[in-house]
Amino acid sequence: MATNLVNVESVGKVYGTRALLDGVSLGVNEGDRIGVVGRNGDGKTTLIRILAKLEPADDGRVTHAGDLRLGVLTQHDSLDPQATVRHEVIGDLADHEWAGDAKIRDVLTGLFGGLDLPAFPQGLDTVIGPLSGGERRRIALAKLLIAEQDLIVLDEPTNHLDVEGISWLAGHLRARRSALVVVTHDRWFLDQVCTRMWDVQRGAVHEYEGGYSDYVFARAERERIAASEEAKRQNLMRKELAWLRRGAPARTSKPRFRIEAANALIADVPPPRDSAELMRFAGSRLGKTVFDLEDVTVTAGPKVLLKHLTWQLGPGDRIGLVGVNGAGKTSLLRALAEAARSEGEQQPAGGRIAVGKTVRLGYLSQEVAELDRNLRVLEAVEQVRQRVDLGKGREMTASQLCEKFGFTKEKQWTPVGDLSGGERRRLQILRLLMDEPNVLFLDEPTNDLDIETLTQLEDLLDGWPGSLVVISHDRYFIERTTDRVLALLGDATLRMLPRGVDEYLERRQRVLAAAAPAPAAPAKQKTGEQAARQRSAAEQRAAKKELQRIERRLDRISEQESELHARIAEHATDFTKVAELDGRLRELTGEREELETRWLELADDA
């Protein structure tokens, strides 16, 4: 029988006149991996703070096992700003001690990209004080994961992590023996890591077996049987359930109730999107041209992020954009937005961007736009428009759309200055949609949004007829809302990934593995081996020529890939032609990967 680590008995917590927790009783046992979900403000963070004894309960009791080793990651770190990264993460361990510890090496490489912390100016000896909030959060997470824990409690651990970092963290937590309680809005992460779910709603906590997908199935079934929940929320849950069963059935490995019941539940639910109809509608709103990029170069200061980019964003395209940090995802969207605002007059550092005459762009940036703090929520939305056309005959008033995004009738009269960060993000999206754009750029739209609000946004986007580009570290949201994934891998090119985020992670692993230094040879043999490998001047010249040849060929392949992407878009309805072009594209992809591996080998020996 598993040992009980934490026991929560009849706990209550009240803020003002609102009961966040009311008579909640829960337990955490050895080996548990529990995901905590619920709307913003419903008490998720309060629950785990009380569970970790960081905050007292008003009623009830919280009991920890006598020798419990507990590690907690809160949303605000307690790092010493005067200390170095080395002092906080590694402590007093000598270099040979921590470098010989596989777990420490794994954590540093997984969270920072290498043992020398390449993104930090002085590596491990960087002083913490001047670092950004995201960098400090990675340091706090590394410090926690390196220590030995019986129970780890994490509050939004995926914030400020990219797709690779989230993938690494999921694998690391699965491999640990520690119990886990995690609050996160990242649904893919919940599916990968958790074996139980706690759903915090209206002061109560409902428990479910399995990860997020199993939770969606079980909750939809419970709501169907009860038949007493609001019809609107039930329909949204059924819609998401339909997508999970039809679009990604492998997400749930061990359903906890009859699959037949789930299939019966969604029998009358259509697919989330009618792509053909949306493409036709988008074409009528946008015409043939949206954004056409020809031989474009995008820079950030002296750094070239993209070069010789030829690409087309067509009417109705729904694109997910992933890539390494600093590769130019946001810079690419900004270049497109600047061209749209100037009606094609403002151009990038090189090449040309053609913008369709009918393009009406809505751009959700990572920065929350400042609004008059004295405005009420409804007033801020009605400033843009009183009613909005969502396409396919759907029209909503500003107040109705506010309700759909979690702003109740009472909340709509709250001053903007009193809103939380997540609520302001919701308001920003609301104002964007009220402007009726036909092209949407969403840069990290999931930041600060709870799962129910994300589901509402996905529902709106399902029927939204226009072109969409999404940058997000939330792979669930990308897979749910887009049809194709493109990647920036840090080599100044844009590539289509037929297998989506999984293919992106595989490519990154191959690049990192090829770039990893070979194990050092024993000291006694080093001099002799180096002499044996010493190349002649002629060999060095030959290697340099081969490097130059490979670089030229890679540039040519990049151009051919761009041409093929454009031709695939042009012949989108001719499946035979698309299959032929896709076959050629795969051949080029294979050739490029071989050339990249060879280039890395030659560069390492140079």
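This is a predicted model: local features need pLDDT of at least 70, side-chain atom pairs count only at pLDDT 80 or more; totals for chains, interfaces and linings use all residues.
Local features are limited to pLDDT of at least 70 and side-chain atom pairs to pLDDT 80 or more, while totals for chains, interfaces and linings use all residues. Residues are numbered from 1 along each chain as its sequence is written, and side-chain values use heavy atoms, with hydrogens and water left out.

Helices (H or I, at least four residues) and strands (E, at least two) are DSSP runs, numbered from the N terminus. Two strands pair if DSSP finds at least two bridges between them. Strands of a sheet pair through backbone hydrogen bonds, either parallel or antiparallel.

An open sheet of 3 strands has antiparallel pairing and the order S2-S1-S4. Strand S2 (18–29) and strand S4 (59–64) are the edges; each has a single partner strand, so one side of each lacks a neighbour in the sheet. On average, neighbouring strands here are turned by 15° against each other, direction ignored. Strand S1 (residues 4–15) runs antiparallel to S4 and is joined to S4 by 5 bridges. Val6 has His64 in S4 as its bridge partner.

S8 is joined to strand S3 (residues 33–37) by 4 bridges, and the two run parallel; Val37 has Asp199 of S8 as its bridge partner. With strand S9 (residues 204–209), S8 pairs in the antiparallel sense over 6 bridges, and here Asp199 stands opposite His206. The hairpin of S8 and S9 has 2 residues between the strands, and Arg202 takes a positive phi near 50° in this hairpin.

H4 and helix H6 (residues 163–175) pack at about 150°, with their axes 8 Å apart. Axes are lines fitted to C-alpha atoms, for helices over the stretch in contact, and angles run from 0 to 180 degrees between N-to-C directions. The contact (heavy atoms within 4.5 Å) is made by Asp106, Val107, Gly110 and Leu111 of H4 and Gly165, Trp168 and His172 of H6.

H4 also packs with helix H5 (residues 133–146), at an angle of about 160° and with axes 10 Å apart. These two helices are therefore roughly antiparallel as well. On the H4 side, the contact uses Lys103, Ile104, Val107, Leu111 and Phe112; among the H5 residues they meet are Arg138, Ile139 and Leu141.

An open sheet of 6 strands has mixed pairing and the order S14-S17-S18-S12-S19-S20. Strand S14 (361–364) and strand S20 (494–497) stand at its edges, each with a single partner strand. Neighbouring strands of this sheet are turned by 20° against each other on average, direction ignored. S14 runs parallel to strand S17 (residues 439–443), joined by 4 bridges, and Leu361 stands opposite Val439 in S17. Helix H15 (residues 421–434) lies across S14 and S17, running at about 175° to S14.

Methods
Angles under 35 degrees count as roughly parallel, over 145 as roughly antiparallel, 65 to 115 as roughly perpendicular and the rest as oblique.
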